[in-house]
Amino acid sequence: MLTISAVSKAYAGRPLFADLSLQLDRGDRLGLVGPNGAGKSTLLSLILGLAAPDTGRVALQRGVTVGHLPQETAPAGDATVLDLATAISPEYTEARDRWRALESAADPDPADVALWHGRFEALGGDAPVPRALKILKGLAFRERDHARPLAELSGGWVMRAHLARLLVQEPDLLLLDEPTNHLDLEALLWFQAWLLNYPGALVLISHDRSFLNALATSILEIRQGRAARYRGDYDAYLRQREASDEQWMAAWKNQQREIARLQRFVDRFGAKNTKATQAQSKRKQIERLDVIEAPPGEEATVDFQFPQPPRSGHRVVSLDRVRFRYHEATPLYDALDFQAERGQRIVLVGPNGAGKSTLLKLLAGVITPQAGERRLGHHVKAGYYAQYRAETLHPDFTVLEEAFTTPQRLTETFVRTVLGAFLFRGDDVFKPVRVLSGGEKSRLALVKLLLDPPNLLLMDEPTTHLDLASVDALLYALTQFQGTLVFISHDLYFIRSLANHVVHVQNGRLTPFPGGYDYYEQKTATAGLAADAALEPPPPAAPSAPSPAQRRREERRRAAEERQERSRLRRAAEARVHALESAIADMERRQHELTTALQQPETYDDPPRAALLNQELKALTAQLAQHTADWESAAHALVAMDATPE
């Protein structure tokens with residue numbers, strides 16, 4: 001379906017990746033990971049043909065359709081939500097719009113009306129509408145939203161409408177750049193369930209590791225100018241990368257020691273007539289070595305202690321009989337009661353529009369209820385973080401200066417380290433705040449909260465605009481946090497790592513669950529999905545009288561299942577080979593150590609020890625022979641799998 005051959009790409013003179021080769025088949029689910037700026041979005045641009053590689057070739061199979069959801073913005077236009085969701089092709093959209101315009105004209109030409117109506121019907125007519133309605137419902141659009149012009153919607157809802165369009169189109173290859181950024185938890189879980197049955201190939205960029213674990217069958221990592229593909233989900237990738245990096249580092253260190261040993265001989269004896277020939281031989285030996293490149297430096301890990309807030313009283317914040325409405329219509333909350341205690345980490349969950357963000361604003365004192373009371377406990381200081389909170393930042397300060405506007409006594413090294421963990425690296429800390437994007441301002445506001453944390457921290461979607469490493473940094477800080485946390489998030493990994501209480505918000509009612517998210521799932525028996533049946537993914541098509549398109553889709557599904565099973569078996573075989581290789585390498589190292597020890601005369605000054613070493617060497621040699629035979633068998637089996645035609 002997609003073949004990338006020996007592709008290299010640089011940006012502003014900086015190599016993003018070199019000699020990247022990749023084969024993507026129908027049914028593959030590829031996760032793209034790497035730090036911000038590594039080249040993930042650039043790779044999507046190369047696949048889409050929006051950019052050209054410096055070297056190499058990107059080739060799509062003839063007839064393959066490609067859909068793309070960009071990370072930040074997509075055009076709104078004058079269409080309605082339903083019109084965009086059903087825009088399955090430019091030809092379809094043109095025929096529909098031309099026919100409608102003629103229908104509403106004062107004196108249309110009947111021939112033109114018939115022409116464009118015929119084209120519209122030939123391209124599918126109203127057939128995409130039922131599918132679009134299901135998808136829009138799953139993405140939390142209400143029925144009354146269907147006829148709304150996109151120009152009336154926020155950017156996040158426009159992105160949802162474009163996502164609906166892509167799911168209705170069902171292209172062969174779907175490229176998604178941070179698709180979860182604009183979804184709440186309920187919509188995200190529905191979307192994830194839908195993608196699990198997607199018949200085409202997926203390429204995903206996401207900072208949500210639960211999302212990647214649920215969907216990805218392989219991971220392509222772009223890091224420090226290199227690209228490597230790993231089989232399995234995100235967690236499997238982390239394990240494989242750690243093992244790969246350890247082997248790489250060990251091989252590099254061993255070679256460096258060998259080069260240093262040879263070079264010492266050359267330096268010591270190169271000028272001596274009696275040793276000159278040997279020294280020259282050692283020099284040539286160094287030159288003939290296939291030099292192992294030094295491993296890339298690891299990204300900085302967060303291992304410092306964040307500042308902590310003063311201790312509050314036991315009861316931190318409460319809402320008593322609160323009534324709140326935005327308009328004269330039915331109140332969002334009526335006689336609402338809520339209480340948070342010291343040390344609780346409460347996540348608010350529920351369908352879109354249920355009032356989670358409003359509840360957070362009531363707790364923060366950002367909005368005032370029409371009735372009832374908000375009470376803060378003893379020595380409580382509240383801090384509120386929203387995705388686009390930038391009004392408190394000084395536009396003429398640099399990033400570093402803004403971060404230092406805190407009563408905490410902090411060193412520049414510490415502050416710059418925290419800024420680096422949240423993607424402000426190098427000279428970025430000297431940028432004026434006024435030139436930052438909305439996402440960058442949100443990250444800076446987040447850094448300021450962490451550098452001088454209140455003992456009541458209220459956070460609305462704090463992981464948006466963060467990469468995976470920065471999410472880990474935020475988790476590290478909040479795990480240390482000794483105050484009270486109330487938050488909203490669509491990142492299940494983030495929720496599971498932090499929450500010790502769950503509050504479900506729906507229809508103005510709060511239902512508390514005194515446990516983490518897994519406890520909430522068990523109690524609601526919904527696997528994290530809303531009880532509303534409308535959010536369930538659509539059932540499979542009825543098998544009776546399938547259309548040609550349905551037969552092709554079923555064939556693609558069966559082929560995808562067969563590929564997944566072959567992939568699972570291959571991953572198991574690879575794991576077996578790698579485990580044996582690792583064990584053999586350990587045995588060979590120990591064998592070398594034993595042989596070296598037994599070659600030393602002083603070893604035999606202790607006869608019992610020498611005897612034990614001989615026994616160990618004998619047993620190890622037999623074990624090594626068996627492992628080697630097992631490895632040969634496993635390797636042959638793996639080669640046979642690779643040789644089996646698809």
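Strand E8 (residues 218–223) is mostly covered, since six of its six residues are buried, where buried means under 20% relative accessible area, exposed over 50% and partly exposed in between, with a 1.4 Å probe and protein chains only. This is a predicted model, in which local features need pLDDT of at least 70 and side-chain atom pairs count only at pLDDT 80 or more, while totals for chains, interfaces and linings use all residues. Residues are numbered from 1 along each chain as its sequence is written, and side-chain values use heavy atoms, with hydrogens and water left out. The protein chain has 19 helices and 18 strands; helices (H or I, at least four residues) and strands (E, at least two) are DSSP runs, numbered from the N terminus.

**The chain as a whole**

- Of the 646 residues in the protein chain, 44% are buried.
- Among contacts between residues at least 6 apart in sequence, 69% join residues at least 24 apart, a contact being heavy atoms within 4.5 Å.

**The six-stranded sheet**

- Six strands form an open sheet in the order E5-E6-E7-E3-E8-E9, with mixed pairing; two strands pair if DSSP finds at least two bridges between them.
- E5 and E9 stand at the edges with a single partner strand each, so one side of each is left without a neighbour in the sheet.
- From one strand to the next the twist averages 15°, and for such angles the axes are lines fitted to C-alpha atoms, for helices over the stretch in contact, with values running from 0 to 180 degrees between N-to-C directions.
- Helix H6 (residues 155–169) lies across E5 and E6 and runs at about 165° to E5.

**Strand E8 and its partners**

- Ser-218, Leu-220 and Ile-222 point one way from E8, while Ile-219, Glu-221 and Arg-223 point the other way, and all of these residues are buried.
- On one side, E8 pairs with strand E3 (residues 29–33) in the parallel sense over four bridges, and the bridge partner of Gly-31 in E8 is Ile-219.
- E8 is also joined by six bridges to strand E9 (residues 226–231), and these two strands run antiparallel, with Ile-219 standing opposite Tyr-230 in E9.
- E8 and E9 form a hairpin with two residues between them, and Gln-224 in the turn has a positive phi of about 50°.

- Five of the five residues of strand E6 (residues 173–177) are buried, so E6 is largely enclosed by the rest of the structure.
- Both faces of E6 are covered, with Leu-173, Leu-175 and Asp-177 buried on one side and Leu-174 and Leu-176 buried on the other.
- Strand E5 (residues 66–69) pairs with E6 in the parallel sense over four bridges, and Gly-67 stands opposite Leu-174 in E6.
- Five bridges join E6 to strand E7 (residues 201–205), which runs parallel to E6, and the bridge partner of Leu-174 in E7 is Leu-202.
- The chain crosses from E6 through helix H7 (residues 185–196) to E7 in a right-handed β-α-β crossover; right-handed means that, with the strands pointing away from the viewer, the path from the first strand over the helix to the second runs clockwise.
- E7 is in turn joined to E3 by four parallel bridges, and Leu-202 in E7 is the bridge partner of Arg-29.

**Helices H5 and H7**

- Two packed helices are described by the angle between their axes and the distance between the axes.
- The axes of helix H5 (residues 128–138) and H7 come within 9 Å and cross at roughly 135°.
- That makes H5 oblique to H7, because angles under 35 degrees count as roughly parallel, over 145 as roughly antiparallel, 65 to 115 as roughly perpendicular and the rest as oblique.
- The contact is made by Arg-131, Lys-134, Ile-135 and Gly-138 of H5 and by Ala-187, Trp-190 and Trp-194 of H7.

**The three-stranded sheet**

- Three strands form an open sheet in the order E2-E1-E4, with antiparallel pairing.
- Its edge strands are E2 (14–24) and E4 (55–60), each of which pairs on one side only.
- Seven bridges join strand E1 (residues 2–11) to E2, and Ile-4 stands opposite Leu-22 in E2.
- Helix H1 (residues 40–48) lies across E1, E2 and E4 and runs at about 125° to E1.
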